[in-house]
Amino acid sequence: MKLYILLFIIICLSNGCATLLNKPKTRIEVRTTNTSKIVANGDTVSTTRNKVEVVVPRSKKTLQITIFTDSLTKMVSIKSKNAFEYWGNLSTYGIGFLVDKNNPKRYDYPSPIYVDTQDTVNQYFNYDKMYHTKNGGLYWHLSFPYINSFSFKPQGENRKLRAGFIGFSTGLDYFYAKNRFLSLTANHAMDFFLPFPGPIRFDGEWEFTSASYINFSNNCKIKNISIGYGLSYAKNRWSYKNFRQFDSIPASREDAFTSHNTVGLVFNAYYQMGRTFNIGFIYRPTFVRFGAQPIFAYEHLMSIDFAWKIRLKK
């Protein structure tokens with residue numbers, strides 16, 4: 001068994017990740033605003049529902065593709081990049097970089113790419129610039145504040161600095177002008193100690209922190225980046241629970257629960273990846289509290305958010 005493990009390690013160290021895992025050719029998804037024909041690497045393919053996949057050799061060279069419509073011909077140059085598998089050589093302490101150095105398998109091309117076939121400029125985009133930019137556009141915002149960091153000051157307690165996983169958010173985005181939209185979301189975030197939900201049997205002494213809140217923000221979208229600011233109203237909760245049942249060690253304190261409402265601001269920034277998926281950061285500082293003393297106290301919630309924005313109205 002030890003010999004097999006040693007052989008496996010030698011194979012991994014002596015082969016670059018890109019050389020080992022990648023095929024000589026790669027696929028690129030091309031999306032257009034009109035029905036088109038795409039010429040790439042000497043092959044001609046037609047779009048279906050304004051998108052198509054082309055298969056091209058991996059290379060360090062810039063790829064040239066041609067797009068034909070009934071009224072327009074465009075030539076687009078797509079620069080190559082290092083493939084994701086190439087950076088996997090970091091797991092072999094960089095030895096694989098030497099193997100992959102001169103192998104075309106180390107390269108890839110961005111996918112999907114978006115081509116505006118109503119524009120005569122020979123360029124492509126890594127995001128759909130026609131999406132999330134129309135006046136009057138209405139979108140369903142569905143997201144998961146996955147990683148959450150809390151700073152709460154429950155009444156009668158020391159400041160609680162907690163972090164964990166899992167949350168849920170839903171709401172609407174409305175584009176009232178080109179590249180500008182209002183967002184209204186209802187959210188819940190917690191500090192679950194596992195990165196995935198599941199049945200847990202607690203033992204010992206535990207603290208729990210969570211927040212339910214409503215955000216209303218004004219947002220500006222620049223290419224595939226959106227930045228927003230606005231107001232937030234929240235209910236912050238903290239609790240302490242002793243789960244020991246058959247342990248002779250006494251609890252350090254009695255069970256406790258406290259909650260209060262609070263008002264503050266919200267700031268967010270998102271990066272659009274693909275047509276609907278966005279990854280973002282949310283910072284929600286609050287300053288005024290109801291149902292807790294002191295009334296004025298700084299608290300915050302910071303979240304890494306995975307969001308989908310799905311068009312409801314064109």
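Glutamate 29 is buried, with a relative accessible area of 17% (buried means under 20% relative accessible area, exposed over 50% and partly exposed in between, using a 1.4 Å probe and protein chains only). Its side chain meets that of arginine 31 in a salt bridge, at 2.4 Å from N to O (a salt bridge is a side-chain nitrogen of Lys or Arg within 4 Å of a carboxyl oxygen of Asp or Glu). Please keep in mind that this is a predicted model, in which local features need pLDDT of at least 70 and side-chain atom pairs count only at pLDDT 80 or more, while totals for chains, interfaces and linings use all residues. Residues are numbered from 1 along each chain as its sequence is written, and side-chain values use heavy atoms, with hydrogens and water left out.

**The sheet around glutamate 29**

- Glutamate 29 stands opposite glutamate 53 in E4; strands (E, at least two residues) and helices (H or I, at least four) are DSSP runs, numbered from the N terminus.
- Strands E1 and E4 run antiparallel and are joined by 7 bridges.
- An open sheet of 3 strands has the order E4-E1-E9, with mixed pairing; two strands pair if DSSP finds at least two bridges between them.
- At the edges are strand E4 (51–57) and strand E9 (113–115), each of which pairs on one side only.

**Salt bridges elsewhere**

- In total, the structure holds 10 salt bridges.
- Aspartate 191 and arginine 162 meet through their side chains in one of them, at 3.0 Å from N to O.
- Aspartate 191 lies in strand E12 (residues 180–192) and arginine 162 in strand E11 (residues 160–177), so this pair ties together parts that are 29 residues apart in sequence.
- Aspartate 191 counts as buried at 8% relative accessibility, whereas arginine 162 is partly exposed at 24%.
- Another salt bridge joins the side chains of glutamate 299 and arginine 289, at 3.4 Å from N to O, and both of these residues are buried.
- A network of salt bridges links Glu157, Lys160, Glu207 and Arg253.

**A look at lysine 23**

- Lysine 23 is found in the loop between helix H2 (17–21) and strand E1 (25–32).
- With a relative accessible area of 64%, lysine 23 is exposed.
- Not counting residues up to four places away in sequence, lysine 23 touches Arg58 and Lys105 (contact means heavy atoms within 4.5 Å).
- From C-alpha to C-alpha, lysine 23 and serine 143 are 34 Å apart in space, and they are 120 residues apart in sequence.
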